4 protein chains.
Amino acid sequence: MTKSIDQHVKNAFEAGKALCGEGRVADYIPALAEVDPSKFGMAVALPDGSYCCAGDADEPFSIQSISKVFTLSLALESYGDSLWECVGREPSGTSFNSIVQLETEYGKPRNPLINAGAIATTDRLIGKRSADETVEHLLSFMQERAGDPAVYIDDRVAASEAETSARNQSLAHFMASFKNLSQPVETSLSAYFRQCAIAMSCRQLARSGLFLAFGGKDPITSEQIISAEHCRHINAVMLGCGHYDNSGKFAVEVGLPGKSGVGGGILTIAPGRGAVAVWSPGLNAVGTSLVGSLALEHFARNIGWSIFD
Amino acid sequence: MTKSIDQHVKNAFEAGKALCGEGRVADYIPALAEVDPSKFGMAVALPDGSYCCAGDADEPFSIQSISKVFTLSLALESYGDSLWECVGREPSGTSFNSIVQLETEYGKPRNPLINAGAIATTDRLIGKRSADETVEHLLSFMQERAGDPAVYIDDRVAASEAETSARNQSLAHFMASFKNLSQPVETSLSAYFRQCAIAMSCRQLARSGLFLAFGGKDPITSEQIISAEHCRHINAVMLGCGHYDNSGKFAVEVGLPGKSGVGGGILTIAPGRGAVAVWSPGLNAVGTSLVGSLALEHFARNIGWSIFD
Amino acid sequence: MTKSIDQHVKNAFEAGKALCGEGRVADYIPALAEVDPSKFGMAVALPDGSYCCAGDADEPFSIQSISKVFTLSLALESYGDSLWECVGREPSGTSFNSIVQLETEYGKPRNPLINAGAIATTDRLIGKRSADETVEHLLSFMQERAGDPAVYIDDRVAASEAETSARNQSLAHFMASFKNLSQPVETSLSAYFRQCAIAMSCRQLARSGLFLAFGGKDPITSEQIISAEHCRHINAVMLGCGHYDNSGKFAVEVGLPGKSGVGGGILTIAPGRGAVAVWSPGLNAVGTSLVGSLALEHFARNIGWSIFD
Amino acid sequence: MTKSIDQHVKNAFEAGKALCGEGRVADYIPALAEVDPSKFGMAVALPDGSYCCAGDADEPFSIQSISKVFTLSLALESYGDSLWECVGREPSGTSFNSIVQLETEYGKPRNPLINAGAIATTDRLIGKRSADETVEHLLSFMQERAGDPAVYIDDRVAASEAETSARNQSLAHFMASFKNLSQPVETSLSAYFRQCAIAMSCRQLARSGLFLAFGGKDPITSEQIISAEHCRHINAVMLGCGHYDNSGKFAVEVGLPGKSGVGGGILTIAPGRGAVAVWSPGLNAVGTSLVGSLALEHFARNIGWSIFD
């Protein structure tokens with residue numbers, strides 16, 4: 001089985017390789033703009049603890065928005081369905097950093113995977129913690145999920161994020177004006193910027209996503225991380241909202257719940273099978289890794305893991 | 001197996017029954033407003049040709065927007081991916097009959113399951129046919145899918161639809177102003193109004209959806225209706241866009257690709273398992289059957305058919 | 001006095017002449033696209049019946065949206081302030097043919113000088129007349145205002161207008177869906193298209209606007225055409241909404257109430273002084289005559305007729 | 001002459017008096033919510049230095065957004081037409097604190113009289129000054145214009161403003177994200193909040209506006225404050241954009257350039273005649289003084305000062 005998966009990874013990697021270097025590296029954060037555009041890695045984590053990897057699968061990159069899935073997991077487990085009072089579950093039909101919908105919908109973001117929604121989710125996760133404690137909490141969680149204490153926060157990216165934060169500042173203050181933040185804006189953003197700066201390899205990231213492929217239970221440690229119901233919810237939200245304004249295209253082409261980050265990473269979940277992470281810094285016009293999504297399309301189709309089959 | 005499914009249907013039906021009569025019957029089309037709000041039916045069609053039914057499962061109702069899934073199936077099979085040049089695959093983040101997005105996106109509707117997108121899809125399906133021939137073609141297709149020549153078009157509903165068509169007229173002319181209709185507006189709408197007026201029972205509708213649960217192949221006749229790839233695409237589009245501006249909520253709560261109609265019907269697809277249709281005329285605030293979606297949530301959760309597990 | 005005005009007209013004409021041929025002739029209606037872009041005329045009508053003219057001041061052109069001012073005059077005089085129930089008086093902040101605002105504001109157009117608002121105004125003017133009678137009524141009114149029975153409707157432009165009417169069809173049906181038209185869409189549009197196709201020369205047009213510069217009273221015939229109050233209202237609406245999405249720029253630069261048409265004409269009103277019409281077919285990016293507005297800016301500034309002084 | 005004006009003020013005051021206490025006092029800033037809703041004052045300043053006053057014409061109130069007109073005067077005089085590169089001159093068609101337009105128009109506010117535009121204007125006025133120096137500069141200007149060193153900044157209102165500033169913070173950061181602020185957000189807002197907290201009486205305010213009624217020249221001191229051209233521009237911008245989303249209604253009903261503040265004040269300019277200030281804290285649904293605008297409508301109509309006559 002692993003052997004055959006391994007072959008599928010190799011094939012998908014080759015298919016992606018052909019386009020490597022295309023796309024545009026994110027430049028809105030200076031620290032991201034310096035990444036080598038020819039990087040490309042892929043890793044499948046399986047429930048028996050084995051991996052199928054290709055390319056730069058062990059090189060850490062900035063997971064950026066992919067972190068939103070893990071913050072959501074922790075916040076949903078803490079707050080249950082009451083979390084949906086501060087953030088919706090609907091696709092937005094607009095770009096990841098749009099503020100238009102917030103004005104017409106009274107400061108409630110459409111979903112937890114766009115920037116405004118992720119800031120609101122992080123804000124709730126903070127609760128009685130400080131921003132520092134919250135970041136510690138999330139980092140520990142990621143290290144445990146990855147089974148690797150080497151997962152770290154890239155301080156340079158976090159600092160760069162904070163320095164170029166005007167749009168996120170605007171989103172946060174806008175929600176605050178509707179009383180939809182529970183913390184001071186500075187506190188919520190301080191945690192949010194560092195969360196986005198978590199650095200992981202494809203291997204670590206795929207390993208971290210495994211619990212979402214197995215009903216909320218880590219198949220290796222047998223620990224129930226979140227409830228099966230919340231796990232379903234998170235996968236459903238990823239399917240509808242995980243890739244900015246090309247979420248529909250991704251669902252059609254790849255057919256798996258997933259989340260993109262502007263660092264070029266994508267995490268996808270194959271329920272009952274495993275988790276797949278890819279990384280390649282060149283982005284398509286709407287912010288998803290160009291090579292990464294191509295490789296995932298190949299992989300999912302050929303191995304037959306689409307949830308729509 | 002069927003026995004256990006039968007029990008799940010009964011339980012889900014009972015759960016829905018509790019809310020029966022709540023919600024608001026669609027009144028924007030006079031002919032729909034007259035339907036008895038206490039009606040409630042449910043049917044699961046299985047690949048072996050058996051059914052599990054409850055309540056008014058054999059009473060025909062106006063499938064309305066559910067027809068969009070079948071028009072899409074036929075158009076996608078005719079045009080292939082070039083269909084996506086005239087209509088997108090992204091959720092809209094707005095109501096089913098919104099025109100705002102059309103203005104900012106040059107007359108190209110976001111997806112084939114909102115009104116504008118369905119009009120564009122029907123327009124393409126017409127091709128070299130007349131409007132009448134197109135309606136004939138679609139009706140024959142539905143009769144074959146349902147395995148029942150009794151499926152019919154409710155002329156009174158179609159006439160009512162045409163008489164109260166100002167909003168759809170507006171959407172169609174708007175697309176025409178961007179040259180995104182291939183037929184005269186009257187021709188496209190003439191076919192579209194009759195397509196929405198197809199009347200089917202839950203049993204017929206569930207039976208008709210079976211090919212979408214089995215890779216495009218009707219499991220009873222063994223006929224390949226559409227390609228496996230297009231089947232995946234349609235399921236993915238339903239998951240993201242099938243229920244107006246509560247598609248995300250439906251994905252979270254039910255976890256199956258599906259399509260709502262303002263007549264109170266919902267069709268859902270459980271890949272590899274079967275198709276489920278419910279009908280209850282009372283709608284929630286965004287146009288989906290209130291009792292129907294509740295019954296589906298119960299059913300999918302308890303039987304464990306969510307695609308996100 | 002006339003002598004000095006004459007000199008100001010000459011100077012303004014020379015200033016405009018320098019840019020003649022620039023701008024882009026409207027091409028969305030085939031019949032308009034054929035007009036010679038080097039045409040340029042200017043006429044000032046004075047209360048003593050004299051004129052100061054320059055260039056092609058006696059050549060008829062399609063007044064297009066300028067007709068909206070006269071329809072508004074007649075409708076406001078018929079309906080009084082109740083007209084404002086179907087159409088607002090606020091600037092729209094969007095382009096002349098936008099539909100977005102109609103969706104968020106329940107089918108009530110922002111003002112009578114954008115397309116949707118003008119269609120609603122024409123619709124009300126029809127009242128118990130037929131479309132033909134309404135057009136007759138308006139044409140007679142224009143001939144009387146111009147003091148010239150030669151004012152006519154250019155049937156070729158009207159036909160061209162009707163053939164390329166998809167956007168206006170969409171606007172009209174959209175309002176109809178909110179029950180904000182009193183006539184069938186076809187009737188309202190039939191009158192609207194012909195109204196836009198009225199052909200007049202600068203001299204005729206300036207003469208026609210005189211009553212708006214003298215409290216609603218034609219200074220030559222001494223006839224009170226509309227009440228002084230309505231006259232003020234119309235001038236105020238022109239000032240805020242008369243030039244699509246460059247109304248603010250026009251107010252700043254010219255400082256007179258006015259109305260642009262995509263045929264390249266502009267009518268401006270100098271309260272207590274006279275009326276000024278210019279025509280030059282090349283348009284700026286938002287649909288106002290480029291040379292015409294430049295000439296008006298020169299004229300108004302140098303003669304000191306701005307209402308803001 | 002003054003005698004007759006005096007009578008018109010008295011009559012207008014009586015007309016307004018009838019509605020006194022109606023409307024809703026602004027409560028979004030705690031310090032404003034405490035104002036006595038029955039207050040009502042009116043003052044006309046004339047070029048000969050005389051005044052016609054009624055009611056609470058000598059009681060200071062928070063001028064709020066009316067300050068934007070004076071910041072604009074100073075900034076336009078410093079920067080000339082290049083100011084229009086950072087802020088437009090078009091009506092917005094949206095509420096005073098809307099952010100939607102900023103997203104679609106790349107962070108450039110539509111005009112200097114909505115919040116975003118006023119923040120950008122204040123930001124430019126700062127230039128090489130500190131925020132404190134800028135506020136000093138503006139306050140001195142107001143004291144000179146009012147001919148009264150008693151004009152002051154209400155520190156309690158300024159503090160209240162800063163504490164409840166989330167929406168303005170959001171607007172400022174949004175513009176900053178498009179690099180349309182020249183100062184740090186904190187600096188611009190620090191000046192902006194104090195500018196809004198200037199307290200003046202109707203008499204002082206009317207006196208301060210006189211230069212705008214006389215081609216930019218203070219008719220009492222004979223000092224040319226701003227150029228005649230800039231004066232015309234400011235009046236034109238006030239006419240189109242001075243009263244949030246009821247600017248069109250105000251132009252129709254009052255027919256004078258003016259600016260409303262949520263403190264209940266309105267300043268209007270009658271070119272060549274004088275300046276009129278009213279104050280009554282109860283606001284209509286879109287933020288303009290209800291009694292104040294009624295009194296101005298009466299006054300302008302009966303005295304015949306409309307610029308549209």
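**Close-up views of a predicted model**

**View 1. Helix H3(B) against helix H10(B).** In H3(B), the residues B:Val69, B:Phe70 and B:Ser73 meet B:Leu205, B:Ser208, B:Gly209, B:Phe211 and B:Leu212 of H10(B), where contact means heavy atoms within 4.5 Å. The residues of this contact comprise five nonpolar, three polar and no charged, with Gly counted among the polar. The axes of H3 (residues 67-79) and H10 (residues 202-213), both of chain B, come within 11 Å and cross at roughly 35°; these axes are lines fitted to C-alpha atoms over the stretch in contact, with angles running from 0 to 180 degrees between N-to-C directions, and the helices are DSSP runs (H or I) of at least four residues. This is a predicted model, in which local features need pLDDT of at least 70 and side-chain atom pairs count only at pLDDT 80 or more, while totals for chains, interfaces and linings use all residues. Residues are numbered from 1 along each chain as its sequence is written, chains are lettered from A in the order in which they are written, and side-chain values use heavy atoms, without hydrogens and water.

View 2. A search of the whole structure finds zero disulfides over all chains, a disulfide being a pair of cysteine sulfur atoms within 2.5 Å. For B:Cys86, the nearest cysteine sulfur is that of B:Cys241, 14 Å away, and for D:Cys52 that of D:Cys53, 7.3 Å away. B:Cys86 is buried at 4% relative accessibility, and D:Cys52 is buried at 0%, buried meaning under 20% relative accessible area (1.4 Å probe, protein chains only).

Conventions. Buried means under 20% relative accessible area, exposed over 50%, partly exposed in between (1.4 Å probe, protein chains only). Helices (H or I, at least four residues) and strands (E, at least two) are DSSP runs, numbered from the N terminus.
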